[in-house]
Structure formats: structure tokens, C-alpha cells
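Me: I would like to learn how to read a protein model. Can we go through it feature by feature?

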Amino acid sequence: MKAVFAFASVLFCGFTLLESAAPPRFTKYFVAAESYESAGVMDVDGNGTLDIVSGDFWYENEAPKQGGDKPTFRKRHLIGHQKREDQYYDDFSTIPFDVNADGRIDVITGGWWSGTLRWLENVNKGDWPVHDIANVGNVETTRVWDVDGDGQPELCPNNPGKSLKYLKYQPAEKNFRVVDVNPTQGHGLGFGDVNGDGRGDFIVSEGWLEAGGPKENPTWTLHKEFALGTASVPIIVTDVNGDKRADLIVGQGHGYGLHWYEQGGQNGQPRTGGAGSTWTKHVIDEKNSQYHVMEWADITGDGKPELITGKRFRAHNDNDPGSNDPVGLYYFTFNGKTFDKHIISYGPAGEAKGTGIYFALADLRNTGRKDIVVAGKDGLYVFWNEQ
């Protein structure tokens with residue numbers, strides 16, 4: 001198989017907007033005026049270069065005809081016909097995964113209206129055959145995490161109002177088995193080791209689900225220690241401040257706000273068991289809305305991860321708070337006390353770029369730096385990392 005793939009207190013600490021005379025770190029490159037909300041990166045044709053897949057097309061990583069170091073991605077190939085529902089396509093993730101183990105990377109997606117996860121089979125020419133994986137309920141979007149710690153990724157769909165489950169790949173059958181976790185879940189989903197026991201836990205909008213029992217047949221205990229609202233996908237689990245306790249980074253997918261939740265110990269002591277921590281809410285940014293998607297990765301080359309996120313463009317077709325505000329794409333760095341905000345793109349829709357529901361970070365030019373590939377109702381773009 002091949003896979004790429006209740007608060008003790010509230011502290012409003014805010015962000016600092018940095019200004020610098022240095023040239024922009026990223027340059028924006030237009031790829032296509034499509035309105036799919038998901039884009040992924042993978043070597044579609046097996047030639048050793050990374051291509052872009054978004055919606056019904058894959059975009060070939062071609063060397064520029066006039067010289068230079070940036071591929072053009074102008075040559076695109078039709079691979080399917082995603083169903084359109086009003087102003088959306090039923091296509092809310094682009095997960096590279098060689099499902100049939102033929103050496104060619106396939107794509108896993110799913111959408112709100114069909115309620116079905118499916119995979120598109122990578123073939124040499126023509127439409128990619130579509131195969132259903134499982135009906136899981138309305139799919140907000142899907143992520144992959146190694147839930148059982150065996151080194152292989154599991155599919156983890158966010159299905160608001162439906163049961164929480166993950167899907168484990170079965171190599172012999174070349175399909176997926178559904179594993180139930182919790183009877184319900186809300187908007188937003190994350191995964192990581194909350195209590196420091198070495199096992200990953202699920203984070204949902206109303207609390208976190210502690211992993212227990214045998215890894216091959218786990219049990220899950222819900223701890224209602226916080227309420228996160230219409231949270232992002234993903235909710236990031238990481239030790240923000242270096243105190244050796246996992247914290248949470250949460251965006252509001254359909255309203256204003258981007259925050260991190262600092263985990264305190266049980267009665268002031270380091271966490272040693274399941275429930276009982278305190279969570280202190282800190283502001284990162286409350287001036288922008290629709291922080292629906294984010295990644296935690298090193299894009300500056302300093303060896304430390306940054307928070308990459310932005311405003312999803314027209315998430316609910318102009319029906320969310322702040323929908324008509326300027327769009328933007330940003331990265332945030334933690335200075336030991338607060339997050340500093342750095343603008344990658346910001347301004348009116350049509351001039352600047354917002355996010356969709358699933359974006360990708362990848363080194364498209366072999367520079368050792370991660371570029372950003374981001375789709376949305378406002379088009380498909382690459383932001384070249386020029387650091």
C-alpha cells in the first residue's frame with residue numbers, strides 16, 4: 001500500500017501583525033478558474049514529479065517552455081464528472097492513496113450530499129472509474145490519521161450529526177473496514193495524544209474521546225471538557241507552549257475566531273490520567289471568519305511548525321458571518337507567548353485568495369521548501385515559497 005497523504009479561565013492574548021520591508025515570502029500563481037474546494041498533490045503519471053489533482057482534473061507538472069524553475073501546471077487532464085449541488089461540487093477531500101495496490105496513486109473523496117466516501121481509480125486515459133467505499137453520512141471533509149498506531153493511515157470523515165467512525169484499509173481485500181468510535185459527532189474533528197499515554201485520541205466539538213482497550217479493538221471514553229462550536233477540520237493537537245502537555249488549535253469554520261486552548265494539569269499537576277484537565281482559551285485572531293481548514297507544518301525552514309490557514313471563500317454561499325469580508329491566506333508563528341500573523345494573501349475576493357475545504361503543502365520544485373496548493377470557489381492557485 002502506498003499513501004501520501006468547560007474552561008478554567010479565558011485569556012485573550014491576541015496576535016501581532018508583523019510588518020517588514022522584505023519582499024513577500026510567497027508569490028501567487030494562477031492555475032485554473034475552477035470552483036472545486038479541494039486540491040491534493042501526488043505523482044499521477046509516475047514520472048517522479050508532483051502533480052495537482054482538483055475536482056475533475058489533474059494538472060501536469062510540466063517544465064516551463066521559456067525556462068525558469070517553476071512548472072506551469074497548464075496542461076490539464078479530465079478525469080471525471082463530479083456531481084454539482086447548487087454552488088458546490090460533492091467533492092470535499094483529495095486524499096492520495098493507492099487503493100488497489102497497482103502502483104498508481106488513486107484519489108479518495110466524498111461529499112455532503114451523497115454521504116458516501118469513494119475512490120477514483122487512476123487509469124492511463126479517460127475518466128477514472130469511481131468506486132464506493134462506504135456510506136458514512138454527510139461528509140464535511142475527510143482526513144487521514146494513524147488511529148491504531150500500526151504505521152498505516154486510516155480514513156477519518158467528519159460527519160456532523162452522525163456517528164463518529166474511521167475506516168481501516170484491508171490490504172488483502174483492497175477495501176476498507178468501518179470501525180465505530182462514538183454515536184455522535186459535531187462540526188470539526190481532530191486527532192492526537194491528549195493525555196500523554198502514547199495513544200491517539202479523537203477531538204470533537206463537545207470534548208475528546210480517550211482511546212483505551214486493545215489497539216485492534218479499542219474503546220473510546222468521551223470527556224466533555226470543552227465546547228468548540230463549529231470547529232475546523234482539522235482541530236490541531238500539539239504542544240504549543242512547550243510544557244509537555246498537548247494543546248488544541250481551533251478555527252471557527254462558519255463564524256469569526258481562531259484560538260488555541262492551553263491544557264492545564266489536574267489540580268495544577270501534569271496530566272497523568274484520563275479526565276480532569278483545565279483548558280484556557282487564548283485568542284489567535286478574532287478579526288476574520290470561516291477558519292475552516294488549517295495545517296501545522298514548517299514552511300519557514302526554521303525547524304519549527306507554523307499554523308497555515310485562511311478564510312474559506314463563501315463557505316455557506318454568503319450565509320456565514322463575515323462572508324463578504326476580504327479573503328485571506330496566512331501563516332502564524334508562536335513567539336513563546338502569542339501568535340504573530342503573517343499575510344500570504346489578503347484583499348477583496350478576486351484579487352486576493354481564500355481557502356476551500358482541503359489544501360495541500362508540498363515541495364513542487366525540489367527546493368527543500370513547501371509550496372501551498374489551494375483551491376476554492378475563487379479558483380485554484382499555487383503559492384510559491386520563495387524563502
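Me: Which strand holds Pro157?
Reply: Strands are DSSP runs of E of at least two residues, helices are runs of H or I of at least four, and both are numbered from the N terminus. In this predicted model, Pro157 sits in strand 15, residues 154–158.

Me: Is Pro157 buried or exposed?
Reply: Look at the relative accessible area: under 20% is buried, over 50% is exposed, and in between is partly exposed, with a 1.4 Å probe and protein chains only. Pro157 has 0%, so Pro157 is buried.

Me: What does Pro157 touch?
Reply: A contact means heavy atoms within 4.5 Å. Leaving out residues up to four places away in sequence, Pro157 touches Leu117, Val136, Thr141, Thr142, Leu164, Lys165, Leu167, Gln185 and Leu189. Pro157 and Gly110 are 47 residues apart in sequence, with 8.8 Å between their C-alpha atoms.

Me: Where is Lys287, and is Lys287 buried or exposed?
Reply: Lys287 lies in strand 25, residues 278–289. Its relative accessible area is 66%, so Lys287 is exposed. Its C-alpha atom is 9.8 Å from that of Asp325, 38 residues away along the chain.

Me: Now Thr333. Which side chain makes a polar contact with Thr333?
Reply: A polar contact is a pair of N or O atoms within 3.5 Å; within protein, one must be able to donate a hydrogen and the other to accept it, and residues adjacent in sequence count only if both atoms are side-chain atoms. The side chain of Thr333 has such a contact, of 2.9 Å, with the side chain of His342. Thr333 belongs to strand 28, residues 327–334. With a relative accessible area of 19%, Thr333 counts as buried. Beyond four places in sequence, Thr333 touches Glu306, Thr338, Phe339, Asp340 and His342.

Me: How many helices and strands does the protein have?
Reply: The protein has zero helices and 32 strands. Buried residues make up 59% of its 387 residues.

Me: How far can I trust the model? What is its mean pLDDT?
Reply: pLDDT is the predictor's confidence in each residue, from 0 to 100. The mean is 91, and 90% of the residues reach 70 or more. Over residues 1–24, pLDDT stays under 50. Where pLDDT is low, the predicted coordinates should not be read in detail.

Me: What ground rules apply?
Reply: Residues are numbered from 1 along each chain as its sequence is written, and side-chain values use heavy atoms, without hydrogens and water. Because the model is predicted, local features need pLDDT of at least 70 and side-chain atom pairs count only at 80 or more, while totals for chains, interfaces and linings use all residues.
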